[in-house]
Amino acid sequence: MLEHVGALINTPWIYALIGLSVLLDVFLPVLPSGVLVITAATAAAGTTADVVGGAARAAQAGSVFPEMLALVLCAAGASVLGDLVAYRLAFRGSDRLDRAIARSRRLTAAQQKLGTALVKGGGPLVVVARFAPAGRSVVSLSAGAAHRRVTEFLPWSAVAGLVWAAYSVSLGYFGGQWLGATWLGTAVSVLALFAAGAGAVYVVKRPGAREAAAPTAQEGTA
């Protein structure tokens, strides 16, 4: 996969692939969109590091910055767009969507475990939940089903998408700079992303966080 992604780095196809994967994983949480973002960033940063060598890496860091920024904006934009589509579908209500959710054991389990916390948690938990497995899906669908105003949901969705994209690209960048465009660099970065997801699940499910954030959510819906 690393070799194939590396071949696409300097073409528009990498952004189309990332954008489509990130957009669709709000409905299909099994899509490895985070892994794809990290792999692309690792391939871009690692190729530069391999070519210029250790002493010249700092001088060449600026040359890869536009690619990193483009990856962040692409992933963040697709994340917000996917969130908005899921929100609108849930807002309007759809039997087909309900059946699709019911068929996904992962999404159903996530709704049962995280749904209440995310609905009561207010804006900051939207950002945290972006890192949790299927947390993005639960947030977007729950916000739509609860008929929350789009002005309340969309800004937090944008912040969540930007933070998630910047974190993922940063992991890939530093992994590529330190370990090169190798499977090891990608694996270390992906493990760090999974660790962030585990931490997000803990924060979202923690009773103290939910209780502290509940007044914020109630004020927003008043």
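Reader: Which residues of α2 are buried?
Author: The buried residues of α2 are Ile14, Ile18, Gly19, Ser21 and Val22. Buried means under 20% relative accessible area, with a 1.4 Å probe and protein chains only. Helices are DSSP runs (H or I, at least four residues), numbered from the N terminus.

Reader: What kind of model is it, and how is it numbered?
Author: It is a predicted model, in which local features need pLDDT of at least 70, side-chain atom pairs count only at pLDDT 80 or more, and totals for chains, interfaces and linings use all residues. Residues are numbered from 1 along each chain as its sequence is written, and side-chain values use heavy atoms, with hydrogens and water left out.

Reader: Now Ser33. Buried or exposed?
Author: Ser33 is buried, at a relative accessible area of 3%. Ser33 is found in helix α3, residues 33–52.

Reader: What is Ser33 in contact with, leaving aside neighbours within four places in sequence?
Author: Ser21, Val22, Asp25 and Trp164. Contact means heavy atoms within 4.5 Å.

Reader: Which side chain makes a polar contact with the side chain of Ser33?
Author: That of Asp25, at 2.2 Å. A polar contact is a pair of N or O atoms within 3.5 Å; within protein, one must be able to donate a hydrogen and the other to accept it, and residues adjacent in sequence count only if both atoms are side-chain atoms.

Reader: And how far is the Ser33 C-alpha from that of Ile18?
Author: The two C-alpha atoms are separated by 6.8 Å, and the residues are 15 apart along the chain.

Notes
Buried < 20%, exposed > 50% of the residue type's maximum accessible area, 1.4 Å probe, protein only. Helix = DSSP H or I, 4+ residues; strand = E, 2+ residues; numbered from the N terminus.
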